[in-house]
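Reader: Hi! I'm new to this one, so could you walk me through it in plain words?
Author: Happy to, let's have it on screen.
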Amino acid sequence: MNNINKTIKGVSLLTDINLALESGHIYGFVGDNGSGKTVLFKVLLGLMHKTSGTILVDGREQKDLMQDVGFIIERPEYIPYYSAKKNLEIIAAYRKVADDQRIRTVLEMFGLDPSDKKAVGKYSLGMKQKLALSMAFLEDPKVLILDEPLSALDADSVQEARKRILEEKKRGKLVLIASHYPEDIQSLCDEVYWMKNGHVLPSKENK
Ligand SMILES: Nc1ncnc2c1ncn2[C@@H]1O[C@H](COP(=O)(O)OP(=O)(O)O)[C@@H](O)[C@H]1O
Ligand SMILES: [Mg+2]
């Protein structure tokens with residue numbers, strides 16, 4: 001990321017974000033509510049236009065990271081009257097990367113039962129979060145952008161999700177995680193960036 005700026009109606013939401021991130025690493029973004037974590041992730045994903053700056057992948061400028069990325073941003077998008085498996089089948093049908101076995105595997109990875117016929121609209125918050133994680137991991141993407149991925153999960157599920165995220169790092173993936181609870185992600189991350197008012201604080205101010 002080179003000099004990423006995002007301004008809306010004269011208000012600066014991101015200021016001069018310069019970061020170089022490497023595959024095989026987990027990067028944490030922590031900061032209070034409203035510090036710009038979600039806006040940064042949306043800009044990276046191309047869900048929000050940046051005002052200026054460049055995003056380079058392997059040295060080449062990209063409009064966004066949308067190719068080969070799995071993500072969780074805010075609420076998971078799902079069809080409430082379908083089961084978790086059916087929801088994943090609908091996503092998988094677009095690109096035909098994930099087969100039926102992979103769908104079962106990612107659901108089980110996060111503690112959901114592939115044979116559960118319950119409509120996901122009736123899921124608890126934690127179950128919806130597990131569905132969101134399954135969706136992000138579905139196509140085994142090179143990059144994972146996870147905004148508050150551990151929210152609403154019970155203690156055992158947090159441990160399980162951490163384990164899964166670490167496995168992805170070991171498999172050479174690039175993982176970005178945002179959380180307003182530093183202790184949630186610090187142990188998981190190779191590097192933690194602190195955000196405040198749309199700035200990433202210089203590393204000496206970090207921690
Ligand atoms: N679409 C938008 N229009 C205007 N302001 C926005 C928009 N989205 C986010 N913001 C503002 O940007 C700031 C950072 O928000 P956000 O990135 O969601 O914070 P967080 O670090 O909690 O994820 C907040 O002040 C928020 O109100
Ligand atoms: Mg946020």
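Author: One term before we start: a residue is called buried under 20% relative accessible area, exposed over 50%, and partly exposed in between. R104, at 31% relative accessibility, therefore counts as partly exposed. Please keep in mind that this is a predicted model.

Reader: Thanks! What does the side chain of R104 meet in a salt bridge?
Author: Its partner is D100, with 2.9 Å from N to O. D100 is partly exposed too, at 35% relative accessibility.

Reader: Which residues are linked with D100 and R104 in a network of salt bridges?
Author: K85 and E89 join D100 and R104 in that network.

Reader: How do helices α2 and α3 lie, then, and at what angle do their axes cross?
Author: The axes of α2, residues 84-95, and α3, residues 100-109, cross at roughly 130° and come within 10 Å of each other. That angle is why α2 is described as oblique to α3. The crossing of α2 past α3 is right-handed.

Reader: Why give both an angle and a distance?
Author: Because two packed helices are described by the angle between their axes together with the distance between the axes.

Reader: Where do R95 and E139 lie?
Author: R95 is in helix α2, and E139 is in the loop between α4 (125-137) and β7 (143-147), so the pair ties together parts that are 44 residues apart in sequence.

Reader: Is E139 buried or exposed?
Author: E139 is buried, with a relative accessible area of 17%. R95, by contrast, counts as partly exposed at 47% relative accessibility.

Reader: And what does E160 form with R164?
Author: A salt bridge, where the closest N and O atoms are 3.3 Å apart. Both residues belong to helix α5, residues 155-170, and being four residues apart they are separated by about one helical turn. E160 is partly exposed, with a relative accessible area of 28%, whereas R164 counts as buried at 18%.

Reader: Switching topic: what is phi of K96 near?
Author: Phi of K96 is near 55°, a positive value in a residue other than glycine. K96 sits in the loop between α2 and α3. At 69% relative accessibility, K96 counts as exposed.

Reader: What about phi of E148?
Author: E148 has a positive phi as well, about 50°, although E148 is not a glycine. You'll find E148 in the loop between β7 and α5. E148 is buried, with a relative accessible area of 19%.

Reader: What is N87 in contact with, leaving aside its neighbours within four places in sequence?
Author: Y78, I79, Y82, V120 and M135 are its contacts on that basis.

Reader: Last one! Where is the place of H49?
Author: H49 is in the loop between α1 (37-45) and β4 (52-57). H49 is exposed, with a relative accessible area of 67%. Not counting residues up to four places away in sequence, H49 touches K6 and V43.

Reader: And how far apart are H49 and R60 in space?
Author: They are 18 Å apart, C-alpha to C-alpha, and eleven residues apart in sequence.

Reader: Great, thanks for the tour!
Author: You're welcome!

Terms used: Residues numbered from 1 in each chain as written. Chains lettered and ligands numbered in written order. Predicted model: local features only at pLDDT ≥ 70, side-chain atom pairs only at ≥ 80, totals over all residues. Heavy atoms only, no water. Axes fitted to C-alpha atoms, helices over the stretch in contact; angles between N-to-C directions. Helix = DSSP H or I, 4+ residues; strand = E, 2+ residues; numbered from the N terminus. Parallel < 35°, antiparallel > 145°, perpendicular 65-115°, else oblique. Left-handed = near helix turned anticlockwise from the far one by under 90°. Buried < 20%, exposed > 50% of the residue type's maximum accessible area, 1.4 Å probe, protein only. Salt bridge = Lys/Arg side-chain N within 4 Å of Asp/Glu carboxyl O. Contact = heavy atoms within 4.5 Å.
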